[in-house]
Structure formats: structure tokens, C-alpha cells
Amino acid sequence: TALATVAAVDLGASSGRVVVGAVGADQLQLSEVHRFANEPVRVAGTLHWDVLSLHRSMLHGLRQAQQTAGRLDSAGIDSWAVDYGLLDASGRLLGNPVHYRDSRTSGVMADVLSDVGAERVYSSTGIQFLPFNTAYQLVAERRGGLLEQADQVLLVPDLFGYWLTGATVAEVTNASTSQLLDVTRRAWDDELVARLGIRRSLLPDLVEPGTLLGEVTSDAVAGTGVEPGMPVVAVGSHDTASAVVGVPMGAGAAYVSCGTWSLVGLELDGPVLTGASREAGFTNELGVDGTVRYLRNVMGLWLLQESLRTWRLDGHVADLGALLDEAARLPRLRSVVDPDDPRFLPPGDMPARIRALCQERGEPVPRTPAELVRCIVDSLALAYRRTVHEAAALTGTEVRVLHVVGGGSQNALLCQAAADAVGLPVVAGPVEASVIGNALVQARALGAVGGDLAALRALVARTQPLQRYEPAPPTVVWADAERRVRSS
Ligand code: LFR
């Protein structure tokens with residue numbers, strides 16, 4: 001039977017990777033050929049992504065992939081959501097793409113919502129109100145004047161796809177995070193776009209995952225050692241969309257896609273657009289095969305990543321493994337915070353911010369790095385508990401197991417805390433769920449594997465190592481801690 005050899009390019013907020021996937025009816029083998037840091041750069045007061053460096057790293061990875069595999073049947077790209085590049089009429093990049101954690105959007109969402117109304121926006125888009133959604137970034141961009149000169153807006157994975165093939169499209173799973181799509185029709189909400197003062201012609205045609213974008217042009221790879229002519233397939237180009245394809249779940253499952261963010265929720269057949277859902281902060285992002293990712297963004301490992309960065313800047317040797325071991329020996333739930341406090345969003349001194357919030361809330365102030373790590377892990381687990389319970393209640397789902405995928409699935413302290421907090425078994429893995437979802441959608445488009453998401457997930461479950469964590473017997477401590485965090 002057929003075997004597809006594909007390159008999956010997965011760009012996360014803190015690192016990118018190019019992985020060769022060999023995918024067949026009973027085979028799913030991955031080999032990472034290139035991994036690189038994704039470090040934002042602040043220039044003249046604005047926080048940018050270094051897209052050219054990412055592009056060069058991707059090309060380097062594709063060359064490695066072609067050399068390792070001999071020949072590649074296709075490539076696919078996924079990345080973090082909401083951010084974009086602007087192209088002028090001749091297809092050149094206008095300005096340098098801005099990071100969603102930049103402060104240029106501050107106050108924009110409140111302005112837009114007082115104008116258009118949260119209900120109007122949510123009942124069509126189903127997207128949670130995050131200040132950095134593409135919609136608010138474009139309004140900020142309009143105020144800055146650059147949007148007038150632009151001809152097209154391309155979301156990050158679509159921008160890299162364009163640079164490889166010349167095709168300008170908007171892949172729908174990622175486009176849905178813009179908060180400019182009608183989630184029910186899976187189409188741009190033209191009326192909303194107009195009300196925000198965004199020219200409709202800026203937005204490219206939508207494509208579903210599995211669509212062939214085109215072939216790598218010789219011009220795109222001149223002088224890089226990459227062979228032109230390779231097909232590029234649109235995958236679930238939102239990293240979370242690809243990750244959810246890679247969750248080896250069946251009915252009754254919730255998931256945490258645990259990387260820089262923790263995306264916590266369920267897969268649904270259709271959106272939930274009620275007022276209760278809007279107020280609880282749930283999003284309905286579009287998924288592969290007509291599905292909906294019903295979830296909430298929890299601040300995630302960002303809190304740990306930024307704490308480690310702060311300690312290292314201060315000249316400390318901060319080793320995550322050692323800190324987690326030390327934290328595991330400390331009493332749990334001594335200090336907890338709401339990880340989604342907006343003050344944690346921008347880059348900066350996370351330990352100081354966490355201590356300040358503990359102080360304000362009357363929580364014991366964590367002093368040592370290990371105490372802070374314990375506080376972060378417990379606070380994340382507590383947020384997972386609340387989110388899983390709310391998602392179940394809002395959708396009328398009975399959740400029986402929690403899957404944890406992504407880098408955080410390797411964090412045993414967090415996985416056990418999640419099992420205990422939610423009161424359900426945790427199945428951890430795969431680590432590279434986004435890469436797997438990316439590779440599977442390509443392989444299916446090439447005809448090497450068939451079937452629906454259930455069949456793709458069964459292949460993941462058969463081939464990937466998974467680790468199970470049983471919940472500790474139910475205690476009241478998590479419920480008490482939840483009340484502590486939520487009391488005003
Ligand atoms: C995860 C993710 C989230 C999105 C955030 C910002 O990497 O894609 O799904 O909300 O990054 O783009």
C-alpha cells in the first residue's frame with residue numbers, strides 16, 4: 001500500500017520545527033530534521049516576529065527534509081494564530097509582522113465592542129474576546145495608516161505558503177481565529193468586516209485543510225538547495241487545529257493542547273453561540289473536517305517560560321527539570337492565582353507579577369523559584385479544572401477522560417496535578433501533536449491514508465507512546481482553591 005513522505009513545518013510561539021513524517025495505513029513515523037528558536041524582536045517600541053529568520057529556518061529544514069527522505073511528496077505549514085503580514089499590490093511584504101503580545105491593540109477591543117456590540121460579534125463568529133484577535137489588530141493597523149497601502153492580509157502560515165508557492169489564500173481553521181468569520185457558514189462575515197472599516201478585498205479566498213496550494217516555485221528556493229516542484233498542501237494551519245487532529249481521543253474526551261498556551265476544551269460538530277458561552281469566554285474555532293474547537297485559552301506554559309527567562313537574565317542557572325523536581329516536594333495549592341490575569345499577557349518579569357497578584361489576593365507570596373513553579377503548576381491545573389467543567393456544562397457533554405498533548409504532556413507534575421484537579425484520568429501524549437495532525441492531513445490529501453478523524457486518531461493511538469495518570473481520590477482541596485481564586 002501507499003506510503004506518503006511529507007514535511008510538516010510547525011511554528012510555535014517559542015520554537016519551530018521541520019519534521020519528516022512517513023505515513024501509511026499502519027505507519028506513522030516522525031523524524032525531526034530541524035528545530036529552531038522563535039525569538040521576537042522589539043524595535044522602536046514595537047514587538048515583532050522575526051519572519052525572515054523563520055522563513056530561512058523553514059527553508060533550511062525543508063532542504064534537510066528532502067536530503068533525509070530522498071524525495072518528499074508534499075509539505076504543509078502550521079503556526080500560532082491571529083498574526084499576519086500585509087502585502088502591497090505587487091505582492092511585497094509591507095512592514096514587519098507584529099507580535100500579538102505587542103501593546104498596540106490596548107483599548108481597541110473595548111472601542112470596537114462599544115460600537116458593534118459583543119453579542120453581534122459572538123453570535124456570528126463564536127470567537128472568544130481576546131484583545132489580540134486579528135480583528136482588533138487590523139483596526140489598530142488602520143489607525144496606524146499602513147492598512148491603506150495594503151492589498152492583501154495573509155495570516156502567518158499563509159504568508160509562508162505564499163512565499164513558497166505564490167498562492168494567496170486564507171486557510172479556514174486559522175482564519176476563524178481572526179474573529180471575522182461567520183462560524184456557521186465557514187465564510188467571511190462581510191457585514192462585520194465592513195463595520196470595522198476593513199476593506200473586504202484585503203481578505204483572501206478561504207480554503208479548507210487538505211487543499212493543494214500549489215508547488216514550490218524555483219524562484220522561491222533559488223540558492224537554498226531546496227528542490228522546486230514539491231506540492232504544498234494546506235493543513236489545519238492553526239497549530240491548535242493540527243494538534244487537535246493529533247489527539248488520540250474518542251467520545252467523552254476533553255483535551256488540553258499544552259504549549260506556550262494551554263487550549264482547554266472539546267471537539268464539537270457545530271458551534272455553541274449562546275450568551276452563557278460568550279460570558280464564560282469560550283471560543284468556537286473552526287477545525288478540520290467541519291468540526292469546531294470549543295475551548296478557552298488558558299495562559300499556559302508561558303508563565304513558566306517567562307519566569308525562566310527572567311531568572312536567566314538575572315544570571316541564575318534555571319533548569320526546568322530540577323525546578324519541577326523541587327516543586328514536586330513542596331505542599332500543593334499553597335498559593336494559587338488566576339493564570340489568565342491580563343497583566344501576564346505581555347513579556348516581562350513574570351515572577352514579580354505573580355508575587356504581586358498573590359500579595360493582592362492574600363495568598364502566601366511564593367519566594368523561591370521552586371515555590372513559584374509550584375504556584376504556576378497548581379494554578380494551571382485549577383484553571384483546567386474550571387474550564388473542563390464549564391465546557392461540559394455549557395455543551396451538555398459527559399467528560400470521562402482528559403487528553404494532554406504538546407510539550408506540556410512531558411511535564412509529569414502538571415499532568416498529575418491536572419488529573420487530580422479535574423478528577424479524571426489524564427492520557428498524556430503525543431508531544432508533537434501539531435506535527436502529527438499536520439502530517440496526517442497531508443497524507444490523507446495524498447491518498448496514503450483514508451478515513452475520518454476517528455480513523456486518523458486510531459492510527460495515532462496505535463503508533464505513539466502515551467502515558468496515563470490516574471486521579472488521586474477526590475478531595476475538597478481543589479474546590480476550595482477554586483473558590484479562593486474566583487472570589488472577588
Ligand atoms: C497556540 C495558539 C493559540 C492562539 C495563540 C495565539 O500556539 O495558536 O491557539 O490563541 O497561539 O496565536
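**Helix packing and the ligand shell**

Mentor: In this predicted model, helix α15 (residues 369-395) packs against helix α16 (residues 412-422) at an angle of about 40°, and their axes are 8 Å apart.

Trainee: What does that make α15 relative to α16?

Mentor: That angle makes α15 oblique to α16. The crossing of α15 and α16 is right-handed.

Trainee: Which residues make the contact?

Mentor: On α15 they are Val377, Asp378, Leu380, Ala381, Leu382, Tyr384, Arg385 and Val388. On α16 they are Leu413, Leu414, Ala417, Ala418, Ala421 and Val422. Sorted by class, the contact of α15 with α16 has 12 nonpolar and two charged residues, with no polar ones.

Trainee: And at what angle do α13 and α15 pack?

Mentor: Helix α13 (residues 320-328) and α15 pack at about 75°, with their axes 8 Å apart. Angles from 65 to 115 degrees count as roughly perpendicular, and α13 and α15 are therefore roughly perpendicular to each other.

Trainee: Which residues are in contact there?

Mentor: Leu323, Leu324, Glu326 and Ala327 of α13 meet Pro369, Ala370, Val373, Arg374 and Val377 of α15. This contact of α13 with α15 has seven nonpolar, two charged and no polar residues. Val377 belongs to the α15 side of the contact with α16 and also to that with α13.

Trainee: Changing topic: which residues come nearest to the ligand?

Mentor: Of the 14 residues around the ligand, the nearest are Trp80, Ala81, Val82, Thr240 and Trp261.

Trainee: How many of the shell residues are nonpolar, polar or charged?

Mentor: The shell around the ligand has seven nonpolar residues, six polar ones and one charged one.

Definitions and conventions
Residues are numbered from 1 along each chain as its sequence is written. This is a predicted model: local features need pLDDT of at least 70, side-chain atom pairs count only at pLDDT 80 or more; totals for chains, interfaces and linings use all residues. A residue is near a molecule or strand if its C-beta atom, placed from the backbone, lies within 6 Å of it. Ala, Val, Leu, Ile, Met, Phe, Trp, Tyr, Cys and Pro count as nonpolar, Asp, Glu, Lys and Arg as charged, and the others, Gly among them, as polar. Axes are lines fitted to C-alpha atoms, for helices over the stretch in contact, and angles run from 0 to 180 degrees between N-to-C directions. Helices (H or I, at least four residues) and strands (E, at least two) are DSSP runs, numbered from the N terminus. Angles under 35 degrees count as roughly parallel, over 145 as roughly antiparallel, 65 to 115 as roughly perpendicular and the rest as oblique. A crossing is left-handed if the near helix is turned anticlockwise from the far one by less than a right angle, and right-handed if clockwise. Two residues are in contact if their C-beta atoms, placed from the backbone, lie within 7 Å.
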